[in-house]
Amino acid sequence: MDSVHHQVERSTRPPRRRSISRLRLRETAMGLLFVGPMLLGVIVFLLMPLIFSFTLSFSNWSFITGFDRIEFNGLDNYRNLLQDDVFLKSVVNNFVMLLAVPIGMAIALVLAIIINSRVYASGAFKVIYFMPQISSVVAVAVVWQVLFHPSVGPVNAFLMNLGIEHPPRWLADTTFALPSVMMLMIWIDLGVALIIYIAGLKYIPADLYEAARIDGASTFVQFRSITLPLLTPTTFFLLITGFIGNFKSFALIKVLTEGGPAHSTSVIVYDMYQTAFVELQTGYASSMVMVLFLILFAITALQWFGQKYWVKY
Amino acid sequence: MSKKKVTVLAGMSLLVGLMAGCGSNSDNGPTPSPGNGNGNGNGEPPVAEVVLRVAHWTPTNLMAPVIEAYEEANDGVTIEYVELSDNGDSVAGMQRLDLLMASGENLDVVFMPGATDYSQRAGLGLLAPLNELMATEGMDLNETYLLDPSIDGTVFALPDTLENYFVLLNKDMLDAAGLEVPTEWSWDEYLDYAEKLTSGSGASTVYGTYFHTWPMYWQLAQINQMNANNLFTDGQLNVDSPEIRQSLELRSKAEEAGIATPYADTISQKLAYRSEFFSERAAMIVTGNWMIDESGGSEQFPATFTTAFAPMPSNDKGQPAGVSIANGNFAAILDRSSNKEAAYDFIRWHSTEGGELKNVYSAWRQQDANQFIRGVKEHALSPDFIDEDSLTYVMTHFQAAPLNVPPSYQSQLEQAYTTQTELFILGQQDLETTISKTEAEVRAIVDANQ
């Protein structure tokens, strides 16, 4: 209000441009003052570490030695990454693990529709499905660890009673460890997707369904032509955040499998942790982070540009 | 340039701050010492005041009497103790130590729980060479200590304790199976014992033995050798060797016969050797002498049966039992310490008389094994559960192989090896593939670090 008033008052004066620029300046200064604290936080906590680790990725350095021992070695780290079997395996595992996101979202969508329209005490179900999300990852992992005990756990005891002689060894099996971890991820993240899908469903106007019903559309057609398209913004949001979260998953893998057996559940972030804090090769670990950053950036960009073909606002 | 340095430093300290914030108890270390031992400022104080900052993973309450004793005997020396772990966990302690070093903490003396940790940090140039200080004192390393921690002629640490390996047995189970406590035995006989000690089924199975996940449990027939007893020693790879073959066969035989805790259970349930042994789920474990104290029971694992001791098995009948690589804790001075002389005096004392005071088995040649055993019994919660005869036999018939300080990249070698052994024990590849793939990977790591 005040600034508008100023503008009107001074608009008759000849050096009009100057007054506007002064005004702009004031507004810019004000604006900066408001975003200042946040900007400072972003610079100090995000931008500087980012630049720092980018620089480190071209060096051979260990974070426990002083800066005088930093040795720059150009692109050596990146060249080594291409020949590092463990790292390449981790990248592949990361991409396989991405499957958990769409599968989890599909389950969440089905559950959301059921809970939204066909169930009494839907609040209770929302709480139940949200429980794993608010429980400690460590506690959840320990419970699953016992359930999946390879020789005497309830899951395998059940399978053996069904007559399967050699049930999978789950977390201790090079083939089944990754799917086991993915199963757990889906289960943990189900609650978030579910809540957001329910919110998305509430946003769809009821008269659309009514009109469809009058036109004689079946429930499936209604789902395909109304629910799915109108949920695409929600799906898009969940897909992006899900992919990013999935790519950065660390805690679950650390407590559940420590990347094993034989690196079958190792992911980039876990490999990076191992390299940086156990083998103390900070420079090399930084180059892994940069690759992770690039992959995430590429996936997000791809989704962002791809959205115009399938997301309907 | 200085501005750049400041930004970089600020960024780094923030990173470290963030990481420290993630750790549970980042604020229980003492505050930085005011003025690090500069008693030469004004006037002439009778004794130079020195503040030594010492870091170890032993909880403060256990370390306090040792520190008090040293301060009493040495006027003017104050020790500030930095506790690296509140429960004595040396692995967590090393991680905390690394964070402290990264944040520029002023430490003088640091302890490390094994040769791999020692070699890694010496290789990074963090530790001060002690040769000059030793020459000034006129101390001959090999006459004083049983271990020689020198790396290419330079000594970066003094051996603080001596670890050798042997077998712990549940004597009650031995008696029930009618077995003697062995004094001379080979790995074949070990498996024989394991078979006879296995009983029960399902969730209540008692296995004859438990092998932990550490790399040394994949090298059991190698670490009982006098020479060439690691993956890479004296510029030579020892992967494609009869010892490694025997180590792997030993493991797979035990696994297939069902007389050792299945490896899948071990990794998926993250089993711990203490609970497996003391909860009587495994009758024998290969372990080192930090477990002697605990065989009399600890608060977490009270002793409920008699524990007997047997020497490290040999690879074949006729070879002597009781040979094992020696390892231990190492006491070093940080290169950036400004009180190197005082720090040296402290680690000399701690690795000799201090060890007696703490009743740890030190690498000091003058220590008395019998007094150590008496000390163990005195301190034990339930001394009657320690089988003294077999303990004395093991302690007096032990042959330590000369210490081979592993290369600074040992943890990478071990990682490469254990990955292949996991595939082997889980039945994904045969012995020959395991050996040839390990050989190739280990060689690549060695070449990359030359």
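Just after helix 4 of chain B, B:Gly125 takes up a positive phi of about 75 degrees. Keep in mind that this is a predicted model, where local features need pLDDT of at least 70, side-chain atom pairs count only at pLDDT 80 or more, and totals for chains, interfaces and linings use all residues. Residues are numbered from 1 along each chain as its sequence is written, chains are lettered from A and ligands numbered from 1 in the order in which they are written, and side-chain values use heavy atoms, with hydrogens and water left out.

**Chain B at a glance**

- Chain B has 18 helices and 15 strands; these are DSSP runs numbered from the N terminus, with helices being H or I of at least four residues and strands E of at least two.
- Of the 450 residues in chain B, 55% are buried; buried means under 20% relative accessible area, exposed over 50% and partly exposed in between, with a 1.4 Å probe and protein chains only.
- Take the contacts in chain B between residues at least 6 apart in sequence, and 74% of them join residues at least 24 apart; a contact means heavy atoms within 4.5 Å.
- Back in helix 4 (residues 115–123) of chain B, the buried residues include B:Ala115, B:Tyr118, B:Ser119, B:Gln120, B:Arg121 and B:Ala122.

**Helix packing**

- Two packed helices are described by the angle between their axes and the distance between the axes.
- In chain B, the axes of helix 8 (residues 187–197) and helix 9 (residues 242–257) come within 11 Å and cross at roughly 15 degrees; axes are lines fitted to C-alpha atoms, for helices over the stretch in contact, and angles run from 0 to 180 degrees between N-to-C directions.
- Helix 8 of chain B and helix 9 of chain B are therefore roughly parallel (under 35 degrees is roughly parallel, over 145 roughly antiparallel, 65 to 115 roughly perpendicular and the rest oblique).
- From helix 8 of chain B, B:Trp187, B:Asp188 and B:Leu191 meet B:Gln246, B:Leu250, B:Lys253 and B:Ala254 of helix 9 of chain B.
- That contact of helix 8 with helix 9 of chain B splits into four nonpolar, one polar and two charged residues; Ala, Val, Leu, Ile, Met, Phe, Trp, Tyr, Cys and Pro count as nonpolar, Asp, Glu, Lys and Arg as charged, and the others, Gly among them, as polar.
- Over in chain A, helix 13 (residues 268–278) and helix 14 (residues 282–310) pack at about 165 degrees with their axes 8 Å apart, which makes helix 13 of chain A roughly antiparallel to helix 14 of chain A.
- Residues making this contact include A:Met272 and A:Ala276 of helix 13 of chain A, along with A:Met288 and A:Leu292 of helix 14 of chain A.
- By class, the contact of helix 13 with helix 14 of chain A has 10 nonpolar, one polar and one charged residues.

**Aromatic pairs**

- Across all chains, a search of the whole structure turns up 33 aromatic pairs; rings of Phe, Tyr and Trp (its six-membered ring) pair if their centres lie within 6.5 Å, with planes under 30 degrees apart counted as stacked, over 60 as edge-to-face and the rest as tilted.
- A:Phe58 and A:Tyr78 have ring centres 5.6 Å apart and planes at 45 degrees, so they make a tilted pair.
- A:Phe58 itself is partly exposed, at 23% relative accessibility.
- The rings of A:Phe148 and A:Trp170 are also tilted, with centres 5.0 Å apart and planes at 45 degrees.
- A:Phe148 is buried at 6% relative accessible area, and A:Trp170 counts as buried at 13%.
- One aromatic cluster is formed by A:Phe63, A:Phe250, A:Tyr270, A:Tyr273 and A:Phe277.
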